[in-house]
Amino acid sequence: MISAVVVKEAGRRRSSASTGRGALRVVERNVLAYRRMWLAFVSGLFEPLLYLLSIGIGVGGLVGKVPGPGGQPIPYDQFVAPGLMAAAAMNGAVLDTTFNFFFKFKYAHTYDAMLATPLEVGDIARGELTWALLRGAIYSGAFLLTMVLLGLVGSWWAVLALPAAALIAFGFAGAGIAATTYMRSWTDFDFVNLALIPMFLFAATFFPLSQYPEGLQWVVRCTPLYQGVALERGLTTGQLTWTMLLNIAYLVILGAVGLRIATRRLRVLLQP
């Protein structure tokens, strides 16, 4: 009788002609799995939309205009919308690379089964990150369409808002999958919420950065969500600055480093 260990080792030794194709097989597996869970998938679209309708449009009617990028006054709903779009990309990416990834890794042993095929650890890490990136981009794309329909887009530069959202998802997906490899139990996910909720509330999503004390402003500037909010807000309002290049570099490095750490950790954790 061939043991699971032998099967896994045999799968590793098989030729994997293209790691890119291997990662796509992981994405394909997730697409097929969500065919029967489509309601759970689309439910992630509604939270930022509800925030936009209640706070952006409802409260925006009372607030009026606030300082936008470069200090240019803009309506509050146009200020909040790009921040919520960045948050939608973050939520879509983090959901799959933390809670869902942990379940498949620790309980369903999905990756043990994958490694009994020609797939390698690197394919799994890249595939899960790609799937999370796509999910974040889909959520953001639906949100951007809503912004266009509501007249909350003030510049043609907004055509780059969706690629920027994919970049936000990439950064958070890399960080999420790396952090999850260190999780020991479900209680550790309290730290995920402890990080995400303050970022969502204070990363200049709802208030201009100038409203914070100067010391706190620098703390906010160092958070990953702020990079996405600043990027999306600049594109949707047409107020482009050179600092957006720093935002892009931050998210690229975050995602790439997270992917590298996750791949190394998984090679150790998934060894027989």
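Analyst: The protein has 12 helices and 2 strands; helices (H or I, at least four residues) and strands (E, at least two) are DSSP runs, numbered from the N terminus. This is a predicted model, in which local features need pLDDT of at least 70, side-chain atom pairs count only at pLDDT 80 or more, and totals for chains, interfaces and linings use all residues. Residues are numbered from 1 along each chain as its sequence is written, and side-chain values use heavy atoms, with hydrogens and water left out.

User: Why does Ser140 count as buried?

Analyst: Buried means under 20% relative accessible area, exposed over 50%, and partly exposed in between (1.4 Å probe, protein chains only). Ser140 has 0% relative accessibility and therefore counts as buried. Ser140 belongs to helix 7 (residues 121-149).

User: With which residues is Ser140 in contact, leaving aside its neighbours within four places in sequence?

Analyst: Contact means heavy atoms within 4.5 Å. On that basis, the partners of Ser140 beyond those neighbours are Met85, Ala88, Ala89, Leu162 and Ala165.

User: What makes Leu160 partly exposed?

Analyst: The relative accessibility of Leu160 is 38%, so Leu160 counts as partly exposed. Leu160 is placed in the loop between helix 7 and helix 8 (161-180).

User: How much of the protein is buried?

Analyst: Of the 272 residues in the protein, 46% are buried.
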